[in-house]
Amino acid sequence: MAKYVGALDQGTTSTRFMVFDHAGAVVAIDQREHTQVYPRPGWVEHDPLEIWTRCGEVIRGALAKAGLTALNLAAVGVTNQRETTVVWDRRTGKPIHNAIVWQDTRTDGLIAEMARDGGQDRFRGKVGLPLATYFSGPKLRWLLDNVRGAREKAEAGDLLFGTIDSWIIWNLTGGIGGPGTTPGVHVTDVSNASRSMLMDLRTLNWDDEMLAVMGVPSTILPAIKSSSEVYGEAVGDLAGVPVAGDLGDQQAALFGQTCFAPGEAKNTYGTGCFMLMNTGTAPVASKSGLLTTVGYRVGREPATYALEGSIAIAGALVQWLRDNLGLIHESAEIETLARTVDDNGGVYFVPAFSGLFAPYWRSDARGLIAGLTRYVNRGHIARAVLEATAWQTREVLDAMNADSGVALRALKVDGGMTGNELLMQFQADVLGVPVIRPKVAETTALGAAYAAGLAVGFWSAIDDLRANWASDREWRPTMDPSRRAREYGLWKKAVTKTFDWVE
């Protein structure tokens, strides 16, 4: 009997394959980065073929480290950087263009044009999302309009669209196929589809009105499936393993954190920062700048919805400090540098590199360092970089409390930045609630594994997953409330200075 479940976690900067046992413990992991492409200011791209190559490398790497083969895996799940958009030729398997990454802002003109009639919230009632460059539908429209011959090929049924999950699952289950084999399955799940501006949140189907508005032919779209069901069988290194889980990365983290009851929430600290709160089986409209999204759907059960606060730049700001300014050589060095000072020296860093996401949704904003004096040194800048993630999270939590009517009593956290003790303590201080990290901090891959394992009976019920969750570390607030309020006011003042930079 297969004793393990695999998860292919394709993120913004790297891809990894993880193997988990029945207790949710990590058995093996392999991870590799891929190239970030910046053709113009505000444009961000990835090479889908490079990403697929990395997928194969990390699958082989993780299996080799643990001495496993495909026969040891009961199922494999996929989780992905969500809105990143790929269009490829169904006959050759080759992308028609680099993938347009979720951070990319090239569709700002299209978004402004659509918002002229009905404003930014024109479609929010149907799709749960404001008009923003963030989402995959406008990116697909740009590709169809700007890649020569793309629209004609799409309407002829020769092209396939998907977010990265669709691209991976199609390749994982056979791709273009061949003699005696069938092509890969072209699917996505409800959580990824809910980030496109093309799916009706209530029917969970592609919406004809939104397809018409975006100028997208239905022939290019993947089938929308649940997050936990068997889509097909893998070929290649995972030959015969059921591909049975598919979740956008943040929804996968919600699932991996076992936030299965309304009111439970998690925050993931990665390239960006994303807080999700389970709101149950009915979508909750946001009045505070949050997104209404599908959290997950298990088999034929009703979908579970969530409120989400999306922050574009979190860990990416640390990478920027490393790669663009050279103030540190490794990302982990930022905590050591920040600890050389007692506070931020009056400096606030608002990383609006591609505009501001929740709760502002200002594509005209750009990054800002405020409060500089001759007193400020490298340590203060490093500390302000870390604090930026915590302050942005505070703004999202305020919005979430307002929309849900429930004051969060503790925040479950995960992702790479939770290893930064200074940041986690500051996060608890500025939120005024405990911050709790689970034993398995990389819950994105775990959530995809859970979804796949449920689909094939490796885990029999959600209660099995709850039993696996355990706390590793908890940080409690120690900051004086008056100081918290004063510094939060300065942060919000700095944020307002980023507005209207792009005309």
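Me: Which residues of H9 are buried?
Reply: Asp249, Gln250, Gln251, Ala252, Ala253, Leu254, Phe255 and Gly256 are the buried residues of H9. Buried means under 20% relative accessible area, exposed means over 50%, and partly exposed lies in between, with a 1.4 Å probe and protein chains only.

Me: What kind of model is this?
Reply: This is a predicted model, in which local features need pLDDT of at least 70 and side-chain atom pairs count only at pLDDT 80 or more, while totals for chains, interfaces and linings use all residues. Residues are numbered from 1 along each chain as its sequence is written, and side-chain values use heavy atoms, with hydrogens and water left out.

Me: Back to H9. Why is it called largely enclosed?
Reply: Eight of the eight residues of H9 (residues 249-256) are buried, so the helix is largely enclosed by the rest of the structure. Helices (H or I, at least four residues) and strands (E, at least two) are DSSP runs, numbered from the N terminus. Thr258 follows H9 and has a positive phi, near 55°.

Me: Which strand has eight of its eight residues buried?
Reply: Strand S16 (residues 304-311), so S16 is also largely enclosed by the rest of the structure.

Me: Which way do its residues point from S16?
Reply: Thr304, Ala306, Glu308 and Ser310 point one way, Tyr305, Leu307, Gly309 and Ile311 the other, and all are buried. In a regular strand the side chains alternate between the two faces of the sheet.

Me: What order do the seven strands of that open sheet take?
Reply: S15-S16-S14-S13-S19-S20-S21, with mixed pairing. Two strands pair if DSSP finds at least two bridges between them. S15 (291-296) and S21 (471-475) are the edges, each with a single partner strand, so one side of each has no neighbour in the sheet. The twist averages 30° from one strand to the next.

Me: How many bridges join S14 to S16?
Reply: Seven, and the two strands run antiparallel. Met275 has Gly309 in S16 as its bridge partner. S15 and S16 pair in the antiparallel sense over five bridges, with Val294 opposite Tyr305.

Me: Switching to helices. At what angle do H10 and H12 pack?
Reply: H10 (residues 315-323) and H12 (residues 378-404) pack at about 155°, with their axes 8 Å apart. That makes H10 roughly antiparallel to H12. Axes are lines fitted to C-alpha atoms, for helices over the stretch in contact, and angles run from 0 to 180 degrees between N-to-C directions. Under 35 degrees counts as roughly parallel, over 145 as roughly antiparallel, 65 to 115 as roughly perpendicular and the rest as oblique.

Me: Which residues meet there, between H10 and H12?
Reply: Leu317, Val318 and Leu321 in H10 meet Ile381, Ala382, Val385, Leu386 and Ala388 in H12. The contact residues divide into eight nonpolar, no polar and no charged. Ala, Val, Leu, Ile, Met, Phe, Trp, Tyr, Cys and Pro count as nonpolar, Asp, Glu, Lys and Arg as charged, and the others, Gly among them, as polar. Contact means heavy atoms within 4.5 Å.

Me: And Trp167, where is it found?
Reply: Trp167 is in helix H6 (residues 164-172). At 0% relative accessibility, Trp167 counts as buried.

Me: What does Trp167 touch?
Reply: Not counting residues up to four places away in sequence, Trp167 touches Pro48, Leu49, Trp52, Val86, Trp88, Gly93 and Pro95.
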